[in-house]
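Please open the model in your viewer and keep a selection panel at hand.

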Amino acid sequence: SVLASNCGGDSAAATSGTFTTLRLAQAAVSGALASGTITYGADTTTVTASGGSGSGAYEFRQQGGTGSVSFAGTGASRTLTGTSAGSAPIEVRRLGDATYLDSPWVSAGTLTIAQAPLQVVAQDAGKVYGDPEPDLSYEVTGTLYFGDTAAVVSGVTLSTATGAAATAGTHAIVASGGSAANYAITHVPGTLTVAARPVTVTADDVGKEYAEPAAADPELTWAVTAGTLAYADTLASVFSGAPTRASGEAVGAYAIGQGSLAADANYALTFVGGTLAIRHGPADHLVTVAPPGPQTAGLPFALVSVTAVDRYGNVADGAHGATAYEGAKTLGYALSGLAGGPTHGDDAYTTAVTFAGGVATTPLVTTLHRAQVTTITALAADLATPVVADVASAPFEVLAAPVTHLAFVVQPVDTRAATPF
């Protein structure tokens, strides 16, 4: 028999004229990666094999590692796509043929599959100062691969200012933590916008009585009439300043404005104004106004007016919450003029008088029988002790009645004889 051999190859014995082919070892095979790093799902690289002997095809595989790849293509190279992040050792070999044995697996290098970038973006939120905390949420942005969804991300924590610390203005919403297989997470903060809490303050209506000199104003008070204070806030801690009123000291109504009253930045203040009323005092005495021209003795005429006023001369009309001088009153009258007896038994006046809003509404018919220059003063029984004296009318003249005819009276003649003393 004849024994043929080849170092590194198969051996076979030839007997009875039949030969068995001996397969040889291949020349060295090598492989190389075009890039040592790719990103999960985002890009690819190639691995190329070369060398060896014969006509056998090249084979490629991943041998171990913490990541994974897929292979695509034919011939001496493959396209590698990272299907999970980590490391992927790549090996190549060449299959044998009738002449050559399979080559051993050799390393083409280790491919690193980097995690794909992904952002966790905290969503903006808003609330009013003092209201319940809003729900916080995030959105996953970036490209997801191989059917992945946002649910691949878990364990994210969101935090922001809460309670009284969430003052009016803006605060960061911070995203932290979280993980996602095959993805590298970065966090993008959001913004919590806190609006000022609406609150309405209404000024109280107040008043004072007219005086000379002017009395001090009462305190201009106010109250919260809409909205509420939040947390442990108090009127003293939230508000500063004070309302003011329009200037003036005459009887009348004066607007109360916001003045320097203000709320801190956590509150949106709406101010509703009020009124300070300066009212007349109680009726003190009467003021009489007579006709300006001369009157005729014995003929009736009407007084122009009789008015009730307070001690400072303000009409007692009841305005601005004061007490009006009204209703049925009994008046008396005084004249000035002829010394020792300015009145006449037949003089006549309207004494039962009705007042409304401080002014006599009954016609004031008067008849004087003495020719004179006089004033007339109305006197009220219920104002018998005034602080200030009743005010008389301006002087006016009462003229003697004209002579319209003569009347002769025949006196009887006493015909009796005189009686001597």
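Begin by selecting Glu133, which counts as partly exposed at 35% relative accessibility (buried means under 20% relative accessible area, exposed over 50%, partly exposed in between, with a 1.4 Å probe and protein chains only). This is a predicted model, in which local features need pLDDT of at least 70 and side-chain atom pairs count only at pLDDT 80 or more, whereas totals for chains, interfaces and linings use all residues. Residues are numbered from 1 along each chain as its sequence is written, and side-chain values use heavy atoms, with hydrogens and water left out.

Lys127 is buried, with a relative accessible area of 9%.

Next select Asp131 and Arg197, whose side chains meet in a salt bridge at 3.0 Å, N to O. The pair links distant parts of the chain, 66 residues apart, with Arg197 in strand S18 and Asp131 in the loop between strands S12 (125-128) and S13 (138-141) (strands are DSSP runs of E, at least two residues, numbered from the N terminus). Arg197 is buried at 14% relative accessible area, while Asp131 is partly exposed at 31%.

From Arg197, move to its bridge partner in S25, Tyr267. Strands S18 (residues 197-203) and S25 run parallel and are joined by 6 bridges (two strands pair if DSSP finds at least two bridges between them). Finally, show the open sheet of 3 strands, in the order S20-S18-S25 with mixed pairing.

Note on methods
Helix = DSSP H or I, 4+ residues; strand = E, 2+ residues; numbered from the N terminus. Salt bridge = Lys/Arg side-chain N within 4 Å of Asp/Glu carboxyl O.
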